[in-house]
Amino acid sequence: MVGPPPLQGLKVLEFAGLAPGPFAGLLLADAGAKVLRIDRHAPGVSAPPPAPDTLARHKSSVAVNLKSAEGVRLIRELAKTADVIIDPFRPGVLEKLGLGPDVLRAANPRLIYGRMTGFRRDGKYATMAGHDINYLAVSGVLSLLGRSGEKPHPPVNILGDFAGGGATLFQGILLAVIAREKTGRGQVVEANMVDGANYLATAPRQLLKTPIGDRPRGENVLDGGCPYYDTYETKDGKYMAVGALEPQFYAALVRGLGLQHEPWVQRRNDRETWSEMRHKFEASFKTKTRTEWERIFDGTDACCTPILEYSELETDADRGGDQRPAVTLRGTPCLAVEQNVTDASTLGQGPGVPGRGYTGNTIAIGEGGEAALSDWFGLTKGRDFDVENGSYLLKSKSKL
């Protein structure tokens, strides 16, 4: 038997946004928190479509007109018993609506007010628009990414939006939850993607002043400059990843490639040999298909593995593509992503979600909202709140 998810009972109000805010909400929801997304009211739309947010599993939604007094009053009422706010807007937006931390935390000192911005809230970029690539650019991280002699190359928006943004805000919220256990008070938690991404790059940044990373971009050991830490194309146009840094792993690699008798094998740290070594590796990998190389290297310590694509992870059960909680909590596991799981302590608990984590889970604006207000906040439709033209609002005569 396993216990309930670790954040069960935590009530979260997530103002609808894109990428980092919803991802922080997803991490909380997957851990058992009750996450209510506050969507913008769409006037005149009786059945609004799902919002463009695929990170909505385990969440509910209400549509609120934040430009109306009734809508603002509803948010203030919900915040009185909420545990966490997720604010994804530029600095000052919610304050102008009367929903800033000073107002909401005055009514609920235990409230944890999480703020997510791209740039720092101070400094020259604070009021500017931006995206993942811009935050990585001014953080310094983008300068590390790319091949030798080429321009910096932005990755998919993993580093800024999700790792440096949403996951960092999630960490800050958890730290504030722990602190609240000691102080009895919530606090404002501010995360930004510049500092979040920069923190993730702590070790690479420090390696710039060591022999491992002191050369130009793309010419270092860990950024594609080293032939035994790189990727190689196979005969069938697929790829293998090589990370044979240690001497015993390197020996297993060249043995598997049939290159153990080459004169440069004993001089692997000599950069003068790297050009010839790379050419030999490239030629060797192109003599066999990826599957053939897997047969050679599987079960060895050569640190040579196939580069798998999500399409094959999704469809080939032998590839281990089942989506699991990011962290395994044996006693109080997070919620399952896969459906029909038999081992809750490993795969998560609960029924899982459609799509197995490969297809996004959207919710319609307002979906599950009435039940959430009733079950989570104790509000009754008709007595405490109403829904008019799709917009949720607090009743003027409510005694709450």
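Predicted model: local features only at pLDDT ≥ 70, side-chain atom pairs only at ≥ 80, totals over all residues.
1. Residues are numbered from 1 along each chain as its sequence is written, and side-chain values use heavy atoms, with hydrogens and water left out.

2. Phe15 is also one of the residues with the most contacts inside the largest nonpolar core, together with Leu13, Leu36, Leu373 and Phe377; this core has 28 residues. (A nonpolar core is a set of buried Ala, Val, Leu, Ile, Met, Phe, Trp, Tyr and Cys residues joined through side-chain atoms within 4.5 Å; buried means under 20% relative accessible area, exposed over 50%, and partly exposed in between, with a 1.4 Å probe and protein chains only.) Two or more residues each come from β1 (11-15), β2 (34-40), β3 (59-64), α2 (69-79), α14 (369-375) and β11 (391-394). The top contributor is α2, with 5 residues. Helices (H or I, at least four residues) and strands (E, at least two) are DSSP runs, numbered from the N terminus.

3. Apart from this core lies another, of 26 residues, including Ala24, Ala31, Val84 and Ala191.

4. Now to the sheet: 6 strands form an open, parallel sheet in the order β3-β2-β1-β4-β5-β6. At its edges are β3 and β6 (188-192), each pairing on one side only; strands pair if DSSP finds at least two bridges between them. From one strand to the next, the twist averages 20°.

5. Within the sheet, β1 is joined to the parallel strand β4 (residues 84-87) by 3 bridges, and Leu13 stands opposite Ile85 in β4. Across β1, β2 and β3 lies α2, at about 150° to β1. (Axes are lines fitted to C-alpha atoms, for helices over the stretch in contact, and angles run from 0 to 180 degrees between N-to-C directions.) Helix α7 (residues 193-200) touches β5 and β6, making about 70° with β6.

6. Do look at Arg120, in the loop between β5 (112-117) and α5 (132-139). Arg120 counts as partly exposed because its relative accessibility is 42%. Beyond its neighbours within four places in sequence, Arg120 contacts Ala126, Asn192, Val194 and Asp195. Its side chain makes a polar contact with that of Asp195 at 2.8 Å. (A polar contact is a pair of N or O atoms within 3.5 Å; within protein, one must be able to donate a hydrogen and the other to accept it, and residues adjacent in sequence count only if both atoms are side-chain atoms.)

Terms used
Contact = heavy atoms within 4.5 Å.
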